[in-house]
Amino acid sequence: MPSSSPLLRWIAHRGGGSLAPENTLAGIRLAARLGFRAVEFDVMLSADGTPVLIHDETLERTTDGRGRVCETSDTALFALDAGNGERIPRLVDAARLCRELGLLANVEIKPAAGHEVVTAETVIRLAGELWRTAPDQVLLSSFVPEAIVMARDLAPDLRRGMLYETVPGDWLDFCRRVGATALHCDATQVDDAVLREAAAHDIPVLCYTVDVPEIAADLLRRGVAGFFTDRLDRFASQAGA
Ligand code: G3P
Ligand code: MG
């Protein structure tokens with residue numbers, strides 16, 4: 001059974017949000033420096049099958065490379081500049097850093113299209129090893145339902161959250177079936193009926209991406225448990241909560 005200890009309220013999105021190159025070790029270090037105790041990052045496979053931190057299926061937006069991540073070898077990938085001279089980190093490097101800094105890691109399984117099963121299986125097995133002695137310090141999530149089913153089956157001790165842009169009518173059935181410990185969803189789309197249902201079943205709701213303190217306060221009042229933010233600077237004073 002996954003831990004039932006409470007999740008943290010403030011989660012740095014894509015490592016250091018918009019204040020550092022996204023999905024980099026520099027971002028994770030910045031989050032820790034600003035007092036955050038949890039970070040989210042996206043994980044995809046390279047052409048060699050190595051889990052690496054990157055959001056897009058293609059390299060152009062966040063690196064000086066070109067082409068698809070899943071068609072790029074490790075050698076080529078790790079030579080790229082991911083912003084300010086940062087390299088694309090491997091999941092093992094990010095996990096080590098999070099463990100050193102005492103950060104909870106929300107590992108978002110982000111498969112390239114057509115690579116769903118292999119990505120989920122590789123990332124979940126590796127996360128199980130990397131956090132074997134600290135299963136409380138990792139939370140798996142994905143927009144891909146089969147990844148969460150696999151998380152339940154392959155790493156039952158790790159917490160898992162189902163991620164939705166628009167929360168579907170059957171979300172609760174699915175979350176109960178897979179033993180999801182949280183519902184992750186788009187802050188602009190979450191409605192009060194979902195929040196009521198989640199509260200009634202003791203399922204915390206975590207919303208992305210919340211960068212405005214007044215919006216965060218309003219969502220908290222409505223029952224949202226936590227936030228992913230790109231504006232770490234605006235929430236730094238409360239980030240240890
Ligand atoms: O996990 C929450 C959030 O990161 C989902 O959206 O596109 O930023 O990965 P995205
Ligand atoms: Mg993400």
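**Briefing: cores, magnesium site and helix α4**

The largest nonpolar core holds 63 residues, and I28, F41, V107, W171 and C207 have the most contacts inside it; such a core is a set of buried Ala, Val, Leu, Ile, Met, Phe, Trp, Tyr and Cys residues joined through side-chain atoms within 4.5 Å, where buried means under 20% relative accessible area with a 1.4 Å probe and protein chains only. Helix α3 (residues 91–101) supplies the largest share of this core, six residues, helices (H or I, at least four residues) and strands (E, at least two) being DSSP runs numbered from the N terminus. This is a predicted model, in which local features need pLDDT of at least 70 and side-chain atom pairs count only at pLDDT 80 or more. Side-chain values use heavy atoms, with hydrogens and water left out.

**Cores**
- A second, separate core of 11 residues includes V69, L77, L80 and A82.
- Leaving aside residues up to four places away in sequence, C207 touches C185, A187, V190, V224, G226, F227 and F228, contact meaning heavy atoms within 4.5 Å.

**Magnesium site**
- E40 (OE), D42 (OD) and E108 (OE) coordinate the magnesium ion (ligand 2) at 2.0 to 2.1 Å; donors are N, O and S atoms within 2.8 Å of the metal (3.2 Å for Na, K and Ca), and water is not among the atoms, so sites may look incomplete.
- Along the chain, the donors follow the spacing E-x1-D-x65-E.
- D42 in strand β2 (residues 38–45) and E108 in strand β4 (residues 104–109) lie 66 residues apart, and both are buried.

**Helix α4**
- T119, A120, V123, I124, L126 and A127 are buried in α4, and the buried residues of α4 pack against β2, β3 (51–53), α3, β4, β5 (138–142) and α5 (145–154).

Definitions and conventions: Residues numbered from 1 in each chain as written. Chains lettered and ligands numbered in written order. Buried < 20%, exposed > 50% of the residue type's maximum accessible area, 1.4 Å probe, protein only.
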